[in-house]
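Hi,

Here is the structure we talked about. Please open it alongside this note.

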Amino acid sequence: MKQNYTHVNCPECTNAQTVIPFYYGLPTIDQILKAKASSIALGNSGLWPERPTHTCTSCLVEFNLKGITGEWINPFSNSSNKEAVAA
Ligand SMILES: [Zn+2]
């Protein structure tokens with residue numbers, strides 16, 4: 001089954017351009033840089049069934065196919081922690 005993540009619409013603002021997928025698991029440096037640039041969001045390693053699959057960078061809501069699951073806390077939104085990803 002083919003999934004096209006670029007056409008997932010935000011349940012809040014219905015915008016697809018602001019939606020980014022969650023990446024679960026141990027991120028690579030490349031994925032951390034992508035997360036810093038807000039092109040993906042890093043989920044934690046928990047594989048709970050109701051976990052969000054996407055987040056909207058505009059509304060900051062996390063959601064999955066069933067609907068909104070919570071508020072997205074972007075770990076890179078605070079510019080004071082930018083040295084945290086400097087390897
Ligand atoms: Zn939105």
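**Ground rules**

This is a predicted model: local features need pLDDT of at least 70, side-chain atom pairs count only at pLDDT 80 or more, and totals for chains, interfaces and linings use all residues. Residue numbers start from 1 along each chain, following the sequence as written.

**Overall fold**

The protein has 1 helix and 5 strands. Both are DSSP runs, numbered from the N terminus: helices are H or I with at least four residues, strands are E with at least two. Read from the N terminus, the order is β-α-β-β-β-β.

Of the 87 residues, 15% are buried. Buried means that 20 or more other C-beta atoms lie within 10 Å of the residue's own; exposed means 12 or fewer, and partly exposed is in between, with C-beta atoms placed from the backbone.

Now the contacts. Two residues are in contact if their C-beta atoms, placed from the backbone, lie within 7 Å. Among contacts with a separation of 6 or more, 38% link residues 24 or more positions apart.

**The sheet**

Strands of a sheet pair through backbone hydrogen bonds, either parallel or antiparallel. Here a pair needs at least two bridges found by DSSP between the two strands.

The 5 strands make an open sheet with mixed pairing, in the order S2-S1-S3-S4-S5. Strand S2 (41-42) and S5 are at the edges with a single partner strand each, so one side of each has no neighbour in the sheet.

Two of the pairings are worth a look:

- S4 (residues 61-64) and S5 (residues 67-71) run antiparallel, joined by 4 bridges. A hairpin of 2 residues connects S4 to S5. Glu62 sits opposite Gly70 in S5.
- S3 and S4 are also antiparallel, over 2 bridges. His54 has Phe63 in S4 as its bridge partner.

**The core**

Which residues make up the largest nonpolar core? There are 9: Cys10, Val19, Ile20, Ala35, Ile40, Ala41, Cys56, Val61 and Phe63. S1 and S4 are the elements that give two or more residues to this core. A nonpolar core is a set of buried Ala, Val, Leu, Ile, Met, Phe, Trp, Tyr and Cys residues joined through C-beta atoms within 7 Å.

Take Cys56 from that list. Cys56 is in strand S3. Is Cys56 buried or exposed? Cys56 counts as buried because 25 C-beta neighbours fall inside 10 Å. Neighbours within four places in sequence aside, Cys56 is in contact with Cys10, Glu12, Cys13, Thr18, Val19 and Val61. Ile20 is 36 residues from Cys56 in sequence, yet the two are 6.3 Å apart in space, C-alpha to C-alpha.

Most residues other than glycine have a negative phi. Two residues here go the other way.

- Thr14 has a phi near 60°, a positive value in a residue other than glycine. Thr14 lies in the segment before strand S1 (19-23). With 9 C-beta neighbours inside 10 Å, Thr14 is classed as exposed.
- Leu60 is not a glycine either, and its phi is positive at about 60°. Leu60 is in the loop between strand S3 (54-56) and S4. Why is Leu60 partly exposed? Because Leu60 has 15 C-beta neighbours inside 10 Å.

Best wishes
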